[in-house]
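I opened this model to look up a few things and wrote each one down as I went. The entries follow in that order.

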Number of protein chains: 2
Amino acid sequence: MSTVLQAHRDACDALLTRALEERGCEPELAAAIEYAVLAPGKRLRPALVRLANQCIGGELEKAEAPAAAVEMIHAFSLVHDDLPALDNDDLRRGRPTLHRHTDEATAILAGDAMPMLAMKLLAESPNGSAMCAVLAEATLRMIEGQMMDMAAEREALAADEHNLRSLQAGKTGALLVAAVQLGALSAKASAEQIKALNAWASHLGELFQLTDDLLDATASSEAMGKRTGKDEGKSKLTGVRVYGLTGLRDRIQNCRQEALNALQSFGPEASDLRLLTEEMADRSR
Amino acid sequence: MSTVLQAHRDACDALLTRALEERGCEPELAAAIEYAVLAPGKRLRPALVRLANQCIGGELEKAEAPAAAVEMIHAFSLVHDDLPALDNDDLRRGRPTLHRHTDEATAILAGDAMPMLAMKLLAESPNGSAMCAVLAEATLRMIEGQMMDMAAEREALAADEHNLRSLQAGKTGALLVAAVQLGALSAKASAEQIKALNAWASHLGELFQLTDDLLDATASSEAMGKRTGKDEGKSKLTGVRVYGLTGLRDRIQNCRQEALNALQSFGPEASDLRLLTEEMADRSR
């Protein structure tokens, strides 16, 4: 695992635990939400909120609500994407998916509740309305990306680079960019700083999704803790399909360089962002 | 149909149409959302936002965003509740439910998108963070009510009056109270006024759900435009089950009186609210 993410992981789990305790839910709903939100994971998105806050020199406790909120949105998207009517996955991060662990109805409702917990957290924070608007828009783009993914699977979307980038910018990129933007907002970043960090996050998002595509094609289920090779045989629109394996590896290195270039206006305060970029380009799980 | 609701219906449809146009979505997603949000219906919740705004003497255009937002939350809840894993309904307001009209995956994702459109609308309005917090909390209570409903069906919840009222206050009441509260907030109501209107809305919510229970037991599918008699045979926790038919009719009249009492501090500016209360107690569909 990335050393940068590792350094934030415990803090992210602690803030997620606090956020879930803040508004206790009906017990079965609470248990389902906790199962999904506190599942083993990299905590990439809340770490990005904290990293962006730190890069700007903000007060780290101001990043707490947005960090919890973005991870709740991410967890909700996994729960609903895993459902039988969508990806029909039984395994997630090495454990049964939520609808296998409980039942489909509970998984649907828990997934519905998570974004509302996220919005409530943000709405009750300083700068709440701006943060809610950013997160709602990113979640919409994520859902639109998922719709494109389904269109590609039934071959209703051309398998070209333009569609791939647009699909991935929605499905994965939008929430990563929102995480960074919320972290920057929590640190009262300038418009210039937000613009640079958003550009970095956008390249990082592409990097992240493309390395995911590469690992799905080349790594084992065991190493990844989830079913791999699942894109194969389906008409999924992936980096492997558009670029081929060699081309994909090149594209990943380009993204790495573009992400690093976006950080040029920052000094040593962005060193963790640079390190994370390198680690993500080289990740093996 | 209620004459009070009828007077607001066209305006509600117009503001919903404008709200959906404001952020165009991926075409298939947009079509699914429009099918669900603009479905034939009473538009009770957006009308409540407008009625509360007018009762306080607010500017009606300030009620537009919250009116659209509450109806989007309502429409989302119907779409997800109708899914095979939940109520498994094929018919809604006389038309195929969204997952029958399109497919289950699209219905899940469209239902996910609607609350985000709602939150974005509110977040970009004056007093956005307070409004987002109210709507997110109400949506959580609605989801908790749905969880209680499922618990009752598998007989994991005692069929007593306390549980019935708590279930219905969540499943139906919370969003009606939120609609009225958002309307009052959009008109800059005082704390006293909000308190009185919330009390009215809470009794109205109980009245609405209990008349729904009564009609499910006594009216035909044809008259209602949806499958009726569906509570029978299941262990649903309903007003019929807890009070019996005669007791339920008495309880409905009590709710009517309690709702009217809550409006005592208002003069003629609340006459539409009083009329709506009477019409709801007497409704036959």
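**Entry 1: two helices of chain B**

Which residues in H2(B) meet which residues in H6(B)? I found Glu28(B), Leu29(B), Ala32(B), Ile33(B), Ala36(B) and Val37(B) on the H2(B) side. On the H6(B) side I found Thr106(B), Ala107(B), Leu109(B), Ala110(B), Ala113(B) and Met114(B). Two residues are in contact if their C-beta atoms, placed from the backbone, lie within 7 Å. Helices (H or I, at least four residues) and strands (E, at least two) are DSSP runs, numbered from the N terminus.

I note that this is a predicted model, in which local features need pLDDT of at least 70 and side-chain atom pairs count only at pLDDT 80 or more, while totals for chains, interfaces and linings use all residues. Residues are numbered from 1 along each chain as its sequence is written, and chains are lettered from A and ligands numbered from 1 in the order in which they are written.

I sorted the contact of H2(B) with H6(B) by class and got 10 nonpolar, 1 polar and 1 charged residues. Ala, Val, Leu, Ile, Met, Phe, Trp, Tyr, Cys and Pro count as nonpolar, Asp, Glu, Lys and Arg as charged, and the others, Gly among them, as polar.

Next I looked up the angle. The axes of H2 (residues 27-37) and H6 (residues 104-123) of chain B come within 9 Å and cross at roughly 75°. Axes are lines fitted to C-alpha atoms, for helices over the stretch in contact, and angles run from 0 to 180 degrees between N-to-C directions. H2(B) and H6(B) are therefore roughly perpendicular to each other. Under 35 degrees would be roughly parallel, over 145 roughly antiparallel, 65 to 115 is roughly perpendicular and the rest is oblique.

**Entry 2: another pair in chain B**

I turned to H1 (residues 3-22) and H3 (residues 44-56) of chain B, which pack at an angle of about 100° with their axes 9 Å apart. That makes H1(B) roughly perpendicular to H3(B). Leu5(B), His8(B), Cys12(B) and Leu15(B) of H1(B) meet Leu44(B), Pro46(B), Ala47(B) and Arg50(B) of H3(B). I counted these by class as 6 nonpolar, 1 polar and 1 charged.

**Entry 3: where the chains touch**

How many residues of chain A are in contact with chain B? I read 35 residues of chain A against 35 residues of chain B. H2 (27-37), H6 (104-123) and H7 (128-153) of chain A each supply at least two residues of this side. The largest share, 14 residues, comes from H7(A). By class, this side of chain A has 22 nonpolar, 5 polar and 8 charged residues.

**Entry 4: how the copies are related**

I superposed chain A on chain B with a rotation of 180° and 0.0 Å of shift along its axis, at an RMSD of 0.0 Å. The two copies are thus related as by a two-fold rotation axis. Copies are superposed by least squares on the C-alpha atoms of residues with pLDDT of at least 70 in both. In chain A, the C-alpha nearest the axis belongs to Ser129(A), 2.2 Å from it. The same surface serves both copies, as 100% of the contact residues of chain A recur in chain B.

**Entry 5: the buried side of H12(A)**

Which residues of H12 (residues 271-281) of chain A are buried? I listed Leu273(A), Leu276(A), Thr277(A), Met280(A) and Ala281(A). A residue is buried if 20 or more other C-beta atoms lie within 10 Å of its own, exposed if 12 or fewer, and partly exposed in between, with C-beta atoms placed from the backbone. They cover an arc of only 130° around the axis, which puts them on the same side of H12(A). The arc is that of the directions from the helix axis to the C-beta atoms. The buried residues of H12(A) pack against H1 (3-22), H3 (44-56), H9 (191-218) and H11 (239-262) of chain A.

**Entry 6: positive phi**

Most residues other than glycine have a negative phi. I noted Lys188(A), with a positive phi near 55°, in the loop between H8 (161-186) and H9 of chain A. Lys188(A) counts as partly exposed, with 15 C-beta neighbours inside 10 Å. I also noted Arg93(B), whose phi is positive at about 50°. Arg93(B) lies in the loop between strands E1 (91-92) and E2 (95-96) of chain B.
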